[in-house]
Amino acid sequence: MGIPSFQTLTLPTFIFFFVSSYLLAYFRIFHNWDPKHRAEASSCFISLTHGTPAVFMAIQALTTHTTKSPSPPTFSSPNTLLHNTVLEFSISYFSIDLLHYLIFFPNDTLFILHHLATLYVFFTCRFIVHHGSFALLVLLILAEITSFCQNVWTLAGYRKADLPVAGKVFDLMSLPFFAFYTIVRGIIGPLFVYKMGVFYINQMAGDSIPAWAWVSWMIVIVTAILISIVWVFDHWIDWFKRRKAMNKLA
């Protein structure tokens, strides 16, 4: 097992960026919102500053081949500098958002555990194992590609009761957002995770990724996938109930 090494200043720089973004959202952008939604909206704001940029950063990292590794990457390939930069970007975001939940919503156990588990996977990959980032960046893309839609939909949901335009945005986005989320998290994600599982179970990683690492990563990833499926399934049920109620009133 390697010793964590912080060879660049990207991690503290990213942490400063997300702290600044959160404070900007809390004290300026959403300063006139009620206290509960003010904190939740600030969390959505830093999620917006993380999600889509993380997707583009991960795509660039995955499509940039170094001269040291001209062959196509595998699930056990060593991390590149660009891979590590993306991991540090996400580690910084999840750290600040975790702090947000610990301060404002300490009883939200599910989100706190989710963030801790995600940080565990990213941190061990980046600073201890030094391999396996290829698979994690693909999963990061699948997780964050829905981020923009989800955060806009969530923000609209917070204000739909008092702002008619927010209610219209919420209703308009619900169906396409749920469909998009279902395809990504319910179909593409599980298929990719299945391929990961086959790779690791067949010991194709060799000695690059120790068993404790890939087993624990797979437990976290599979759990996250299942929670995502349950989440969107519950929202589909709620959406059909609302549509049925609206049709009765029509």
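Good morning. I begin with helix H5, which is mostly covered, with 11 of its 12 residues buried; buried means under 20% relative accessible area, exposed over 50%, and partly exposed in between, with a 1.4 Å probe and protein chains only. This is a predicted model, in which local features need pLDDT of at least 70 and side-chain atom pairs count only at pLDDT 80 or more, while totals for chains, interfaces and linings use all residues. Residues are numbered from 1 along each chain as its sequence is written, and side-chain values use heavy atoms, with hydrogens and water left out.

Among the buried residues of H5 are Ser133, Phe134 and Glu144. Helices (H or I, at least four residues) and strands (E, at least two) are DSSP runs, numbered from the N terminus.

Next, the cysteines. How many disulfides does the structure hold? It holds 0, a disulfide being a pair of cysteine sulfur atoms within 2.5 Å. Cys149 is in no disulfide, and the nearest cysteine sulfur, that of Cys44, is 13 Å away. Cys149 is partly exposed, at 24% relative accessibility, whereas Cys125 is buried at 0%.

Finally, an unreviewed UniProt entry lists several spans as "transmembrane region", including residues 110–129 and 214–233; such annotations may be inferred rather than shown by experiment. Residues 110–129 are 100% helix, with end C-alpha atoms 27 Å apart. Residues 214–233 are also 100% helix, and their end C-alpha atoms lie 28 Å apart.
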